[in-house]
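Here's a walk through a two-chain model, starting where the chains meet and ending with a few single residues. Have the viewer open as you read.

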Amino acid sequence: MGSNLIDALFVFMLAAFIGFEVIRHVSPLLHTPLMSLTNALDAIAVVGAIVLVGEKKSTFATVLGVIAIVAATSNVVGGFLITDRMLKMFKTSRPVKK
Amino acid sequence: MTEFAASQTAIEVIYLIASALFILSLKWMSSPTTARHGIWAGEIGMVLAIAGTLLHHGIVDYKWIVIALVLGSGIGVPLGMVQMTAVPQRTALSHAFGALCVTLVGTAEFYLRTPNVPKFMMSVLSMEVILGGLTFTGSLMAAGKLQEILPQRPITYKGQNLVNLLLFLVAVGSAVYLVLHPEAKQFFPLIVGVSLIFGVLLVIPIGGADMPTVISLLNSYAGLSAAAMGFVLNNKLLIIAGALDGSSGLILSVIMSKAMNRSFTNVLFGAFGQVQPAAAGGAEAKPVRSATPEEAAAILAAANKVVIVPGYGMAVAQAQHKVRELYDVLTKKGVEVRFAIHPVAGRMPGHMNVLLAEADIPYDRLIEMDEINGDFPQTDVALVIGANDVTNPAARTDQSSPIFGMPILDVDKAHTVMVIKRGMSPGFAGIDNPLYYFDRTLMLFGDAKQFVGAIVRELGGGH
């Protein structure tokens with residue numbers, strides 16, 4: 001338990017730093033699609049809900065889990081869909097080179 | 001190795017790959033040329049992770065999982081197909097859904113585990129439901145305001161900050177008590193309930209112009225609550241995705257606050273509208289110069305360099321396609337047309353870029369504030385469409401102005417400024433804009449879409 005916790009904190013710390021570094025370099029042009037993409041990725045919380053529903057430990061947990069899966073899945077599908085639609089619209093007037 | 005351990009290891013490896021794909025996904029978002037690879041990486045990671053999770057040894061029944069996945073996808077498709085002008089409220093709504101998922105799972109986990117919840121577990125579980133709960137209702141409120149189901153004006157009352165602070169303390173206090181006395185499970189509904197109410201109260205004093213900051217902040221909270229859920233479930237993929245989302249939202253909120261010259265606490269506890277009740281009343285009739293579409297068209301046609309400054313008003317009037325026609329006809333005449341994008345123009349970070357890109361305006365014509373501000377003195381015409389406060393020179397000069405110090409687009413330095421506006425009513429923040437009374441400013445009164453359309457016809461373009 002103790003070492004799991006420390007491991008998890010290390011993972012969180014490193015991921016937060018990676019997040020800051022990677023996202024600092026995202027062009028302001030793409031801030032809206034960035035937000036819808038992170039939103040879709042964040043919906044990975046669905047995996048927790050899936051296990052909760054599948055384990056069938058109590059009716060209460062299953063009901064909450066089903067609602068949770070529905071909410072998160074709609075974020076996954078909707079989030080990727082709209083991010084893709086947005087990015088398809090970004091076109092340049094110049095031929096590829098800068 | 002037992003079958004149980006083997007499937008666990010397989011899942012962990014799949015999660016590892018998915019984590020790498022998620023990071024790559026965000027990395028590729030840094031440029032429009034690679035951004036779509038980012039989506040594919042994210043999608044592959046997501047499918048892998050979900051498929052991997054279905055291998056979980058504890059899962060005994062798939063029926064409800066499948067039903068819920070199908071139902072969620074069914075809801076997700078229309079949410080992914082909304083109009084681009086509705087993207088801010090869609091985003092707020094999806095923050096709410098994400099937070100709902102986290103809160104529900106946290107609640108279920110609590111009741112499955114109580115009273116044997118170790119202290120650390122209870123702390124992160126509380127954090128998960130507090131952040132999740134307030135993000136859920138806060139985002140719903142934000143979505144309602146953006147969709148204009150709820151009033152956009154800030155709703156403020158005396159002692160608001162005190163009430164909010166007290167509620168927050170109640171939530172945190174109950175959480176601390178529960179950590180120390182895990183058997184007192186009656187405190188758990190209190191934590192969730194207070195967080196839900198806190199989310200509502202947190203967002204009602206916030207007005208439309210502050211939405212970019214608030215949406216970013218809620219984005220960050222949604223991420224952090226998912227990361228907390230990762231700690232509860234000991235799921236590293238969830239911790240990573242939550243940390244990435246949390247840091248992304250935090251960076252965006254910092255950028256947005258800076259662009260409004262305001263601190264976080266000011267956005268959360270300041271309620272912009274109440275700062276300057278006097279300004280709304282002071283509408284004495286100062287002389288302005290106005291112009292017809294014909295005159296505006298003649299000036300634009302004679303210009304060499306034009307900078308268009310779009311704001312939320314352009315989105316409201318759905319004028320972006322007409323603006324594109326204007327861009328086309330002027331470009332054809334050899335006029336250099338660029339767009340100046342203020343970081344907080346619109347209702348969420350990057351909102352204007354998406355609307356203009358949708359109208360097929362090439363993204364290399366969309367220039368950030370810091371890059372274009374130096375060019376205004378060499379600009380013949382600055383055409384402001386539906387933007388107000390982000391062009392207000394009082395932010396540079398008038399210390400008594402509530403927006404003093406906010407970085408603005410220096411449109412007043414252009415040779416001619418043209419402002420398309422419905423009337424002389426002050427902007428969202430209720431602050432008068434001295435730009436409108438300058439000698440070289442021409443007011444073009446009318447609906448943005450119709451007015452731009454009239455200019456385009458005058459210039460012989462359009463369809």
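## Where the chains meet

The contact draws on 80 residues from chain A and 98 residues from chain B, with two residues taken to be in contact if their C-beta atoms, placed from the backbone, lie within 7 Å. On the chain A side, helix H1 (2-24), helix H2 (31-42), helix H3 (46-55) and helix H4 (59-89) each supply at least two residues. H4(A) gives the most, with 27 residues. Helices here are DSSP runs of H or I with at least four residues, strands are runs of E with at least two, and both are numbered from the N terminus.

Sorted by class, the side of chain A that touches chain B has 50 nonpolar, 22 polar and 8 charged residues. Nonpolar covers Ala, Val, Leu, Ile, Met, Phe, Trp, Tyr, Cys and Pro, charged covers Asp, Glu, Lys and Arg, and the others, Gly among them, are polar.

## Ground rules

This is a predicted model, where local features need pLDDT of at least 70 and side-chain atom pairs count only at pLDDT 80 or more, while totals for chains, interfaces and linings use all residues. Residues are numbered from 1 along each chain as its sequence is written, and chains are lettered from A and ligands numbered from 1 in the order in which they are written.

## A closer look at H4(A)

H4(A) is largely enclosed by the rest of the structure, because 25 of its 31 residues are buried. Buried means that 20 or more other C-beta atoms lie within 10 Å of a residue's own; exposed means 12 or fewer, partly exposed is in between, and the C-beta atoms are placed from the backbone. The length checks out too: at 1.5 Å a residue H4(A) should span 45 Å, and its end C-alpha atoms are 45 Å apart. That expected span is 1.5 Å times one less than the number of residues.

## Chain B overall

Chain B has 18 helices and 6 strands. Its radius of gyration is 25 Å, close to the 23 Å that the globule rule gives for 463 residues, so chain B is as compact as a globular protein of that length. The radius is taken over C-alpha atoms, and the rule is 2.2 Å times the number of residues to the power 0.38. Along its principal axes, the C-alpha trace of chain B spans about 80 × 50 × 35 Å. Buried residues make up 55% of the chain.

In chain B, 6 strands form an open parallel sheet in the order S3-S2-S1-S4-S5-S6; strands pair if DSSP finds at least two bridges between them. The edges are strand S3 (366-368) and strand S6 (441-445), each pairing on one side only. Strand S1 (305-310) and strand S2 (336-341) of chain B pair over 4 bridges, and Val306(B) has Val337(B) as its bridge partner in S2(B).

Helix H18 (448-458) of chain B is mostly covered, with 8 of its 11 residues buried. Among them are Phe451(B), Val452(B) and Ile455(B). The buried residues pack against several elements, including helix H12 (293-302), strand S4 (381-385) and S6 of chain B. Just after H18(B), Gly460(B) takes a positive phi of about 80 degrees.

Pro287(B) sits in the loop between helix H11 (277-281) and H12 of chain B. It counts as exposed, with 5 C-beta neighbours inside 10 Å. Ile17(B), in helix H1 (3-28) of chain B, counts as partly exposed, with 15 such neighbours.
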